[in-house]
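This briefing walks through the fold as a whole and then through a handful of individual positions. Please keep the sequence and the structure open beside the text while reading.

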Amino acid sequence: MRRFLLVLPLLLVAVLAIGQKEVSGVITSAEDGIPVIGASILIKGTSAGTVTDVDGKYALTVPGDDAVLVISYTGLKTVEVTVGNRTTIDLVMESSVAFLDEIVVTGYGSQGRRVLTSAVSSVKAEDIQNLPSASIDQLVQGRAAGVQISSNSGTPGGGMFVRVRGTTSITASSDPLYVIDGIPVVSAPLESQGTGGQRTNPLADLNPADIESVEVLKDASATAIYGARAANGVVLITTKRGKKSQNARVTLNVYAGAQNFARDPSDQLVNAAEFETLINEARTNAGATPLYPNNDSGKYDTDWNSFIYDDAAPIFNTDLSISGGSDKVRYFVSGNYFDQDGVLIGTKFTRYTGRLNLDFDASDKIKLGTSILYSRNDRTRIGNDDNISGAMGGAYFLPPNISPYNADGSFTKFSIFENPIAVVNFDDRQMAVNRILANIYGEWEILPYLKFKTSGSVDYNEIKEDNYAPTQLNTGVAVSGSAVSAVTLDDNLIWENILTFQKALAGEHYLTVLLGQSVQTSRNEFTRASGQGFPSNDFRRITSAAIQTSSSTGTEWGIASLFGRLNYDFAGKYIVTVNVRRDGSSRFGEKNRWGTFPSIGAAWRLSQEPFFPEGSFINELKLRGSYGITGNQSGIDNFASLGLWTGGSNYTSSAGTRPQQLANPNLKWEETTQIDFGLDLGLFNERIVLNFDWYNKYTRDLLLDVPLPRTTGFSSQTQNFGEVENQGWELTINATPIRKSDFTWDISFNVAHNEAVVRKLFAPIEIYNRSPFRLEEGQPVFSFWFHDQLGVDPQTGDVIWRTVNGTSQTEAFVPGRDRFFVGNAQPDLFGGINNSITFKGFDFAMFWQYSLGNEQLNWTRFFLEHGGTRNTNFMRSQLDRWQKPGDITDVPRMVSKNYAADLRPSRLVEDGSYIRLKNITLGYSLPANLTSKMGIQKLRVYASAQNLITITDYSGLDPELTGTAATILTQGIEFFTFPQARVVTGGLTLIF
């Protein structure tokens, strides 16, 4: 028996070898006849294959005459060839006009789009190259159907609002899971020191030029493989790697430019003469003596905004990369320097990155590789956004009829507001981030159709923040200088093992089975020290402070997972994908620590059926459907299920402890059930490709802080209560009207609709200061809760309010009772339109992004359209106020009852719809016969403009902003918010 067991493997190898033979050939391009370098040749139904060398040549051992070769290359049509009795197969590949031929990265694998059963949007490197943005999510905006992305502010390196098919949670996170080269990464902001409503963006640590593709997994069939963290969608980011048989390729990209605001903030405010007229009118209406009887504004007319903005703020970027490979080793090495000054003086973002991606074939069966990113970025920040004491707050509030400086040269002080000139020049807030994102893997080809891969990853973040408020600021002068120094260490360790079986079975049956295991641990440590009372502003270290305090905290969590996927394909016609993942998380109660997340997806390619008419203008017709369950564990405390005690309490100066949190052993995941129906259509030889999806996402067991009776001793407890429903549709159209050797024209259009509605809630929740937002059963998320202003009485100038009794009489109006839903920040439609044209050496691209049907709250107007109830400056809209009988306006008479502090007039909620020319680029590449003489492969120069035109009726600075991003469940609110910049750049690309 022992001898038989020893001989058995040899017998199996011999059986498998029967019928094998070697096939070789040359792959060339039909367009120019040159060899195609790096074309992929795979044996269909397996992962076995090779790539062409520098001469377009390949050689591959196939299992027999029935083997089918799948030859693919980006931009060329994918071809399937049956080997038959041939040993030499040469092929001429034609240009592809259909994006259906592309390979799509999926969770733990990849798949051809033609046989994809799930909803996946893709953005390729060529779509976003050389665009002046700090982070990848900014570049994807408007390019992926169903993915709503907006900038919270124009702060360099600032946070973004990203939703994949809507908002699924209330107090937990609704952000997608980001996976970079297989590593689930930290994407939530890790800063500890607030500057108002600003948030930083951890994705800005990544160099966009390193990216090969971005795939957004949207339906449950695509996302369930990531289980407990996939309810909000998954964004897969793949970076560039070297290719086999590729000579060393050196690429240098450089661009530089200037930035300014598309709308001048000064145009939002009145001048000194208008200010004094308005103040006098308000006092006269109140029966008081005018404050400026001579209306003498000739002494000062201060434009505060002119002191705090740079009309030509510089931006600079340079990337250098080297890539290549032999039969054994492939490499990609890059470095990046990015430097952006904010248009708001005193803000800045600088990034340095270095990357090494390395793949090594240790043998015919063993592959080893690594991906390593080191990123260092430095942010200079100032108080702003959702901050009346910030730079923009001061520039808006301070009256224009006073001098910026006192007679002794010191800064003018006014009420509680900071002098904005002092803020931009002396507010000192520094943030430095060091990040290491690394992965190492080993892959063993056990058999041609069976592979085992193991990988270990780390995402390490070190954040250091140093803030100092000097005596030039109100916050500093009161305490003789104030400083805070904080350090956050956050590290994530991941180990994964995957076994993949991929084989063509009898006939045209193809089967892929994947089994995997994953373990992740995360640890966060935070240390903070503060000080007050410094000898002078020259001493800024806390050791020099008269009063010093410090503290430290630490927390950690872990998740263990088992997952699997089965993909069955019959003749490329009937495709089924089944996923299941089981996760166990330390964040949840002992009774619900483990959760199971399954999905199924199916596709039917009708165009492959015998009954489908040949010669039809419809070349591809596929129906898709999927159903599955995913989870959410993000956005809650790591020990939310446990009963906690805290130290630090004292009684008569003695150390002690106290209860901090009530235990909930029943706490579990949020659970999202999603159903999706899709249609993929290729028309006119696939010059037009259409993708349509309808979906419904229903989230149950929301993770909410539920109020408790006071008798418990606690105000709230994290529980599973509440439901949210998202329903919508997506449409993408890719078209190539013209494709010739010297002239191409590509069009891409996408549009989506999503409505997120609260279906179950323990009680209405009012959100943010003065409660402009309200969550309530049956109402959309991000709904505005205001007093509904029906107009202004033309005879009296007083506001006409709607009441709960349906009347509109001013006398019947009760502010504490008569509030209504007056719209919400969710758009009816959103998406983008891209046109790309090449003609000989010229290339031109124009990309429009839009959001239609959403309301935007101009919360700045609430404070600056005050009717003279305070002595601060006014918005220019105040000039439209009612003054005499017969005036028709929505800005009421300047008396206190029309501008009381407890009023929330709906006129502040405006139409936030916009269409924006997000980017326009014109480039020229020198002819190859010239560049070859210079010893280079390519030289391209280009000019680009970003945010050049915005078409909108919104009266504020930017209809896209959310200045209160630090407050969860607020969206579409401008409040002294730093708008996005208009950017004009010029650059060049050199390839050696």
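Strands are DSSP runs of type E with at least two residues, and they are numbered from the N terminus; in that sense F684 sits in the loop that joins strand 32 (670-683) to strand 33 (688-700). The model is a predicted one, and the values below are computed from it.

**Overall architecture**

- The protein contains 10 helices and 51 strands, and its radius of gyration of 31 Å is close to the 30 Å that the globule rule gives for 992 residues, so the protein is as compact as a globular protein of that length.
- Taken along the principal axes, the box that the C-alpha atoms fill is roughly 105 × 70 × 65 Å.

**Surface and charge**

- Of the 992 residues, 54% count as buried, while the protein exposes about 40,700 Å², of which carbon and sulfur atoms supply 57%.
- The protein carries 86 positive and 103 negative charges, and the mean positions of these two sets are 4 Å apart.

**Aromatic pairs**

- The count of aromatic pairs comes to 38, where two rings pair if their centres lie within 6.5 Å.
- One of these pairs joins Y108 and F563, whose ring centres are 4.5 Å apart and whose planes meet at 20°, so the pair is stacked.
- Y108 belongs to the loop between strand 8 (103-106) and strand 9 (109-112), whereas F563 belongs to strand 26 (residues 547-570), so this pair ties together parts that are 455 residues apart in sequence; both Y108 and F563 are buried.
- F786 and W859 form an edge-to-face pair, with 6.2 Å from centre to centre and 90° between the planes.
- Because F786 lies in strand 40 (residues 783-786) and W859 in helix 9 (residues 859-864), the pair ties together parts that are 73 residues apart in sequence, and F786 and W859 are both buried.
- F786 and W859 also belong to a cluster linked by ring pairs, which includes Y396, F397, F414, F417, F773, F784, F862, F863, F975 and F976.

- Most residues other than glycine have a negative phi.
- F684 has a positive phi near 55° although it is a residue other than glycine, and with a relative accessible area of 45% F684 is partly exposed.
- E686, which is found in the loop between strand 32 and strand 33, likewise has a positive phi, of about 65°, without being a glycine.
- At 9% relative accessibility E686 counts as buried, since the cut-off for that class is under 20%.

- G797 is found in the loop between strand 41 (789-792) and strand 42 (799-801), where it is buried with a relative accessible area of 0%.
- Leaving aside neighbours within four places in sequence, G797 is in contact with V792, W882, P892, R893 and N898; the C-alpha atoms of G797 and M894 are 8.5 Å apart in space, although the two residues are 97 residues apart in sequence.
- D339 lies in strand 19 (residues 329-341) and counts as buried at 14% relative accessibility.
- Beyond its neighbours within four places in sequence, D339 is in contact with P314, I315 and F316, and also with K348, F349 and T350; from D339 to Y352, which is 13 residues away in sequence, the C-alpha to C-alpha distance is 8.9 Å.
- Q727 belongs to strand 36 (residues 723-739) and is partly exposed, with a relative accessible area of 37%.

Methods:
Residues are numbered from 1 along each chain as its sequence is written. This is a predicted model: local features need pLDDT of at least 70, side-chain atom pairs count only at pLDDT 80 or more; totals for chains, interfaces and linings use all residues. Side-chain values use heavy atoms; hydrogens and water are left out. Helices (H or I, at least four residues) and strands (E, at least two) are DSSP runs, numbered from the N terminus. The radius of gyration is taken over C-alpha atoms; the globule rule is 2.2 Å times the number of residues to the power 0.38. Buried means under 20% relative accessible area, exposed over 50%, partly exposed in between (1.4 Å probe, protein chains only). Accessible areas come from the Shrake-Rupley method with a 1.4 Å probe; for residues, only the protein chains shown count as cover. Lys and Arg count as positive and Asp and Glu as negative; His and the chain ends are not counted. The place of a charge is taken as NZ of Lys, CZ of Arg, CG of Asp or CD of Glu. Rings of Phe, Tyr and Trp (its six-membered ring) pair if their centres lie within 6.5 Å; planes under 30 degrees apart count as stacked, over 60 as edge-to-face and the rest as tilted. Contact means heavy atoms within 4.5 Å.
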